[in-house]
Amino acid sequence: MDCRDEPGSDGQSLQTASEALLDPDEPKPVIFDNEAGRSVFFLTCDHAGRAIPRRLDGLGLPEQEAWRHIAWDIGIGEVAQQLSRLLDAAVILQTYSRLVIDCNRDPKVPSSIPEISETTEIPGNRGLTEGARTVRIDAVFRPYHDTIAAVLERRTAAGRASVLVALHSFTPVFKGVARPWHAAVLYNRDPRLARSLFKLLSAEAGLVVGDNEPYAVSDLTDYTVPVHAERRGLPYVEIEIRQDQITEPAGQVAWAERLARLLPAAYAQFLRQ
Ligand SMILES: [Zn+2]
């Protein structure tokens, strides 16, 4: 998708695309909340959901696989919604599983609809036709990213600054290897806000914080930050929280409160740079 596309200009065909995959009683692919919020921060949550369209028949996976981290970023949707309330910030969440289509990958990259995730084969993604890929792009990926683009354009038109905060969570153990970090900050071309937040998080008692690890942002492995923040020259940070920290409500509240305290402080430092 080109981020300069006029969102909604092709509403009729988008609606048709959605109907090709989603029944009217199924969740909408986008939860967008608090656009009127006064915060400079705009929160995105590409992997908040684990829904699979009924017509995809569970992607051929056993039910328990759809609850694992391969299907979604456990806990982060709750953190994002609480952080939105604490900061009075706009928030957008993707409802569908990243196994349907990964909303943080360029759809041209084969892994945007993964045939294998960690070590699990995804039968329903094997050998998809171009048409089947397009249906998922149009029904799930495009509405999400068109909304982000439209929101950012409206804010710019209204003279409002925007700082994109991309929220994710990661599994404590990946391919058998335990991860020591409680959280991480990720960045690509512009590390400024991430560096400020990294210092503040690292100063918190008992926290081990990753600096662009276990993941780093890149054009091949990411979409939301490169397309919506970097191409527009917006300040941003991608935040990853280890899932065992935010599986339960108490941890979700604690992390939302911590980020509500540290993000404005990091941005204040960024503005002084
Ligand atoms: Zn994620």
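Me: Before we look at any residue, what do buried and exposed mean here?

Reply: Buried means under 20% relative accessible area, exposed means over 50%, and partly exposed lies in between, with a 1.4 Å probe and protein chains only. By that reading F141 is buried, and Y223 is buried as well. This is a predicted model, in which local features need pLDDT of at least 70 and side-chain atom pairs count only at pLDDT 80 or more, while totals for chains, interfaces and linings use all residues. Residues are numbered from 1 along each chain as its sequence is written, and side-chain values use heavy atoms, with hydrogens and water left out.

Me: What is the mean pLDDT of the protein, and over which residues does pLDDT stay under 50?

Reply: pLDDT is the predictor's confidence in each residue, from 0 to 100. The mean for the protein is 92, and 94% of its residues reach 70 or more, whereas pLDDT stays under 50 over residues 1-11.

Me: How should I read an aromatic pair?

Reply: Rings of Phe, Tyr and Trp (its six-membered ring) pair if their centres lie within 6.5 Å; planes under 30 degrees apart count as stacked, over 60 as edge-to-face, and the rest as tilted. The structure holds 4 such pairs. One of them joins F141 and Y223 edge-to-face, at 5.0 Å centre to centre with 70° between the planes, and this pair links distant parts of the chain, since F141 is in helix α3 and Y223 in the loop between β10 (209-211) and α5 (224-230), 82 residues apart. Helices (H or I, at least four residues) and strands (E, at least two) are DSSP runs, numbered from the N terminus. Y267 and F270, by contrast, form a stacked pair, 5.7 Å centre to centre with 15° between the planes; they are separated by about one helical turn because they are 3 residues apart in helix α6.

Me: Which residues coordinate the zinc ion, and through which atoms?

Reply: Donors are N, O and S atoms within 2.8 Å of the metal (3.2 Å for Na, K and Ca), and as water is not among the atoms, sites may look incomplete. Here the zinc ion is coordinated by H47 (ND1), D73 (OD) and H168 (ND1), at 2.0 to 2.1 Å. D73 lies in the loop between β2 (41-45) and α2 (76-87), and H168 in strand β6 (residues 163-170), so this pair ties together parts that are 95 residues apart in sequence.

Notes. Contact = heavy atoms within 4.5 Å.
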